[in-house]
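User: I would like to go through this structure with you by question and answer. Could you give each value together with the cut-off behind it?

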Amino acid sequence: MSAPSQPPSPVATHDRGLQRSLKNRHIQLIALGGAIGTGLFYGSSASITMAGPAILLAYLLGGAVIFLIMRALGEMSVHTPVSGAFSHYAYENWGAFPGFFSGWNYWFNYIAVSMAELVVVGSYVQFWFPGVPEWVSSAVFLVLVTAINLVSVRAFGEFEFWFAIIKVTAIVAMILFGLGIICFGWGNGGDATGISNLWAHGGFFPTGISGLTMAMVVVLFSFGGVELIGITAGEADDPRRSIPKAINQVVARILIFYVGAIFVMLCLFPWNQVGKEGSPFVTIFSKLGIGSAATILNVVVLTAAVSAYNSGLYSNGRMLYSLARQGNAPAVLGRLNKAGSPWVGVLASSAVTALAVLLNFLLPGKVFLYVISVALIAGIFNWAMIVVTQLKFRQRLGADEVSRLGFRMPWSPWSNYLVLACLAGVVVLMAFIPDYRVALYVGPAWIALLALAHSLRRRTR
């Protein structure tokens, strides 16, 4: 079946200017780092409040949906490993506007996420230096992370690798120490707590099926960032080996970390008390006699925030690079420096993100919720675009070439329809949660704005 009518894309099958310097270890930790952020360390209590112990099922269901989305992206990334990932695939397989929308929407999404992470950096620094204004700390880390992204993709990969290692180590330690308390009574006078808290306070479904359903909104967004694997395809040294391996392993590892950490929390504390006396991570480390538990956790969450901002800036620079090569953004954004970094795209994204520093100066303590609510609906758009684009991708290839694909999305097209139905359900559920409702107003306005921008671009060309 032929591809939809559209102008030819100037994007080559392989990005000759970008350096293929990311190893498999970089790609795996980049994806882990993007999906494991401050939400697990401090935000998990919100989802537990909604569903109680049944939140474990919500994370398993959400993980299954994300796995299918990543397999859809992986199928295209292995066949055509380019920077810009799903923006390029939407442009080539679906049409001009889908490519335009997909790229700019992803950039917009990560600008909002980056701004949110940059804002919370300041609050973590105040733990040690309460006299330093939050906006000052945000500005310092803005300059630092921007400099790292301008050096080379290898520098970014190493930075992200080690920062993700810190987060993963903290979670593994929390799970192991927590299991020690549950099974052997470590730090609890030898009195093993057991797992009875999973059902002793209103049962496993204390808020009913409705609570479990509502929690899916929070759970799905906690996995946001794992699609960074697709962005790395243009700079992976062996994408046809590393991308499938990273996708198959990283989703399982994220599930283990999320489900394992929350399982431990729910066993040690009644579900309706989680987070009431501070972070569960701090409580667990304190039980073991680690007096500096709060300091250790603050280092970890600071690392998590900087890591997430680093990933956001990396992906935004590459997305602007891809949009420029498509002709969907000013050509200057496609320029590379001698190290192979899209320096104009990185600097432009960093400059827009710097608005968070200004807003944090003008509205201290209020910016985080404002910007994160803007990012929510854009994340749903990203995933839906990936799944639909993969259907268009298969239509363009035809049955014979699809049968020869080395890495395929399982059960397509039925799995595509299932994912789209789940995402649509999440959008409906957002209307019933006040903190998320604002996204339903922002989403349609954002689509209309991009449609207008695309129309004006076509007229000027």
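User: How many helices and how many strands does the secondary structure of the protein come to?

Analyst: This is a predicted model, in which local features need pLDDT of at least 70 and side-chain atom pairs count only at pLDDT 80 or more, while totals for chains, interfaces and linings use all residues. Residues are numbered from 1 along each chain as its sequence is written, and side-chain values use heavy atoms, with hydrogens and water left out. Helices (H or I, at least four residues) and strands (E, at least two) are DSSP runs, numbered from the N terminus. On that basis the protein has 19 helices and zero strands.

User: What percentage of the residues of the protein count as buried?

Analyst: Buried means under 20% relative accessible area, exposed means over 50%, and partly exposed lies in between, with a 1.4 Å probe and protein chains only. Applied to the 461 residues of the protein, the buried share is 57%.

User: Which residues form a salt bridge, and which helices does the pair tie together?

Analyst: A salt bridge is a side-chain nitrogen of Lys or Arg within 4 Å of a carboxyl oxygen of Asp or Glu, and a search of the whole structure finds one. The partners are Glu 75 and Arg 394, whose closest N and O atoms are 2.8 Å apart. Glu 75 belongs to residues 55-79 and Arg 394 to residues 367-397, so the pair ties together parts that are 319 residues apart in sequence, namely helix α3 and helix α15.

User: How many disulfides does a search of the whole structure find?

Analyst: A disulfide is counted as a pair of cysteine sulfur atoms within 2.5 Å. The sulfur of Cys 267, a buried residue with a relative accessible area of 0%, is 8.6 Å from the closest cysteine sulfur, in Cys 183, which is too far for a bond. Cys 422, by contrast, is partly exposed at 30%. The number of disulfides found is zero.

User: Which helix gives the largest share of the nonpolar patch?

Analyst: Patches are made of residues with over 30% relative accessible area and no salt bridge, like charges being joined within 9 Å and nonpolar side chains (Val, Leu, Ile, Met, Phe, Trp, Tyr) within 5 Å. Here Trp 135, Leu 355, Leu 358, Leu 359, Phe 361, Leu 362 and Leu 363 form a nonpolar patch on the surface with about 630 Å² of accessible area together, by the Shrake-Rupley method with a 1.4 Å probe, where for residues only the protein chains shown count as cover. Leu 355 counts as partly exposed at 44% relative accessibility. Five residues, the largest share, come from residues 355-362, which are helix α14.
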